[in-house]
Amino acid sequence: MVSNPTFPVIAIDGPTASGKGTVAQLVANHLGFHYLDSGALYRIVGLASLQNKIALDQGLALAEMTKSLRIEFKENNIYLDNQDITELIRTEEMGLRASAVGAVPEVRLALLSLQKSFLRAPGLVADGRDMATVIFPNAVLKVFLTASAKIRAERRFKQLKNKGISANIDILLSDLLARDERDTQRKDAPLLQAMDAHLLDTSEMDVEKAVQKVIFWYQKVSKEVGI
Ligand code: C5P
């Protein structure tokens, strides 16, 4: 798994609403590492494709558009062309659109160098679907974080409720299963557990425990490789 990295990367992949974003962010804060939310990038491309009315079969046009996007992550907010789009990209609709543009190989290629540019000293926690398998195959620690579909739908339901957004749990569950299906079945960089990844099933685990587990694995491997 380890190949003498310049700066350490912790890659955390998993299906939608598994809680990997929260866990990844907390691990990054704890270690003082940078954080890459790669799903946000696909959501931004999804949003921009709708704003620019570019269809999903227009791979080259989508790639051109992706490369020209002016994306900024500042503190906890995300900006596209100086417009704060933090909340706009968090809707279910944008999640589905992200999954659709994520199945376009030209879009994945266009996002490659931007994702890699997040790796800076002292290290990076990267969350997504293909962090361990494609973007950072030399990550010192790879984690596949998941939970049952029912639990994930319940978590998403609670999240939306806390934001005052009404939702139907059955619709959430079927949207989530549709997204899982597309993410695991696509040809290019499908969602899958890397051979050398630790499996972390959080169905019966709270966030704090999951964070501790990842930090424990990281401390163990950093001792082994002498980071
Ligand atoms: O993680 P999040 O739910 O924000 O991701 C939204 C969508 O973006 C996912 O369903 C997936 O299709 C796509 N994605 C991807 N590769 C990544 C991260 C996200 O294809 N590395």
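Figure 1. Of the 227 residues in the chain, 48% are buried. This is a predicted model, so take the views below as pictures of a prediction. The chain has 10 helices and 8 strands. Its radius of gyration is 17 Å, close to the 17 Å that the globule rule gives for 227 residues, so the chain is as compact as a globular protein of that length. Along the principal axes, the C-alpha atoms fill a box of roughly 50 × 35 × 35 Å. Take the contacts between residues at least 6 apart in sequence: 76% of them join residues at least 24 apart.

Figure 2. The accessible surface comes to about 11600 Å², and carbon and sulfur atoms account for 53% of that. Some of the charged side chains pair up: the count is 12 salt bridges. The next two views pick out a few of these pairs.

Figure 3. Start with Arg129 and Asp183, whose side chains meet in a salt bridge at 3.3 Å, N to O. Arg129 lies in the loop between S6 and helix H7 (131–135), while Asp183 belongs to helix H9 (residues 169–185), so this pair ties together parts that are 54 residues apart in sequence. Asp183 has another partner in view: its side chain also meets that of Arg186 in a salt bridge, at 3.6 Å, N to O. Through shared partners, salt bridges join Arg129, Asp183 and Arg186 into one network. Arg129 counts as buried at 14% relative accessibility, Asp183 is buried at 3%, and Arg186 is buried too.

Figure 4. How many of the 11 residues of helix H4 (residues 92–102) are buried? The count is 9, so H4 is largely enclosed by the rest of the structure. Among these buried residues are Glu92 and Arg97, along with Met94, Val101 and Gly102. And what do the buried residues of H4 pack against? Their partners are helix H2 (38–51), helix H5 (105–110), helix H8 (149–162) and H9.

Figure 5. Gln115 has its place in helix H6 (residues 112–116). This residue is buried, with a relative accessible area of 0%. Leaving aside residues up to four places away in sequence, Gln115 touches Leu36, Ser38, Leu41, Tyr42, Met131, Ile135 and Phe136. Ala147 is another matter: it is 32 residues from Gln115 along the chain, and the C-alpha atoms of the two are separated by 26 Å.

Note on methods
Residues are numbered from 1 along each chain as its sequence is written. This is a predicted model: local features need pLDDT of at least 70, side-chain atom pairs count only at pLDDT 80 or more; totals for chains, interfaces and linings use all residues. Side-chain values use heavy atoms; hydrogens and water are left out. Helices (H or I, at least four residues) and strands (E, at least two) are DSSP runs, numbered from the N terminus. The radius of gyration is taken over C-alpha atoms; the globule rule is 2.2 Å times the number of residues to the power 0.38. Buried means under 20% relative accessible area, exposed over 50%, partly exposed in between (1.4 Å probe, protein chains only). Contact means heavy atoms within 4.5 Å. Accessible areas come from the Shrake-Rupley method with a 1.4 Å probe; for residues, only the protein chains shown count as cover. A salt bridge is a side-chain nitrogen of Lys or Arg within 4 Å of a carboxyl oxygen of Asp or Glu.
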